[in-house]
Amino acid sequence: MIKNLSLNDFPALSKGIVWGAVENCFTPDYKVDEALVSNISIIPTVGDRYAVMQLEDGRWELAGGTLEPEEHHMDALVREVKEELGAELLSYTLFGCFACHSSANEPYRPHIPHPHFVRLVGYGEVKLVGDPLNPPDGEQVAVVEVVDIDEAVKRFRAIGRSDIAELYWMAHRIRNGLL
């Protein structure tokens, strides 16, 4: 857990966020019961810059995704980085998680915890090696670009995703010893 982190500096992350039937709350405490982990996300770095991905529908989105049955969260991250970024994962550092609660009657996928689950969040170095794999059952990524932190934050804020913008900014500050 980051000792100098104050969520007051991150207003979108400091309050609950609703994604459809899921209410969640970000916390810098990522020591959780691994049986509750359903998703893992990454703020991907390439040197001192950041990779961002845009879906076919035009939305900029956070890289990562849902674990497959019996899949460890780090194996899921390696897979998701290949699928969504066309990249190899070189390193990963956790810095928080979303504690989630679903009001849906059933889980998003039968094998993930329900109604309480956790989405891990971290940053990590990636090596872009090809195009996103875009499996038919996943999000379809149209563009992967490497930009500076200000451009990454700007793109997410422009589409109303201050939560993702703040995750990028938080990762940047942690990486640079500012938190």
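**Strand β3 and its neighbours**

I began with the pairing of β3 and strand β4 (residues 49-55), which is antiparallel and runs over two bridges. I took helices (H or I, at least four residues) and strands (E, at least two) as DSSP runs, numbered from the N terminus. I counted two strands as paired if DSSP finds at least two bridges between them. The model is predicted, so I noted that local features need pLDDT of at least 70 and side-chain atom pairs pLDDT 80 or more, while totals for chains, interfaces and linings use all residues. I number residues from 1 along each chain as its sequence is written, and my side-chain values use heavy atoms, with hydrogens and water left out.

With strand β6 (residues 63-66), β3 pairs in the antiparallel sense over four bridges; I40 has G65 as its bridge partner in β6.

How many of the ten residues of strand β3 are buried? I found nine of the ten residues of β3 (residues 37-46) buried, so the strand is largely enclosed by the rest of the structure. For this I used relative accessible area: buried is under 20%, exposed is over 50%, and partly exposed lies in between (1.4 Å probe, protein chains only).

**Aromatic pairs**

I counted six aromatic pairs in the structure. Rings of Phe, Tyr and Trp (its six-membered ring) pair if their centres lie within 6.5 Å; planes under 30 degrees apart are stacked, over 60 edge-to-face, and the rest tilted. F26 and F95 form a tilted pair, with 6.4 Å centre to centre and 55 degrees between the planes. F26 lies in strand β2 (residues 22-27) and F95 in strand β8 (residues 93-102), so this pair ties together parts that are 69 residues apart in sequence.

**Cysteines**

I checked for disulfides, defined as pairs of cysteine sulfur atoms within 2.5 Å. The count comes to zero. C97 is buried at a relative accessible area of 2%, and C100 counts as buried at 5%.

**Salt bridges**

I counted eleven salt bridges, each a side-chain nitrogen of Lys or Arg within 4 Å of a carboxyl oxygen of Asp or Glu. E61 bridges to R161, with the closest N and O atoms 3.8 Å apart. This pair links distant parts of the chain, 100 residues apart: E61 is in strand β5 (residues 60-61), and R161 is in the loop between α3 (149-158) and α4. E61 is buried, with a relative accessible area of 11%.

R155 bridges to E145, with closest N and O atoms 2.5 Å apart. R155 lies in helix α3 and E145 in strand β10 (residues 141-147), so the pair ties together parts ten residues apart in sequence. Salt bridges that share partners join D57, R59, E61, R161 and D163 into one network.

I also noted E80 with R79, the closest N and O atoms being 3.1 Å apart. E80 counts as buried at 7% relative accessibility, and R79 counts as buried at 18%.

**Helix α4**

Eleven of the 14 residues are buried, among them D163, L167, Y168 and R173. G177 follows α4 and has a positive phi, near 70 degrees.
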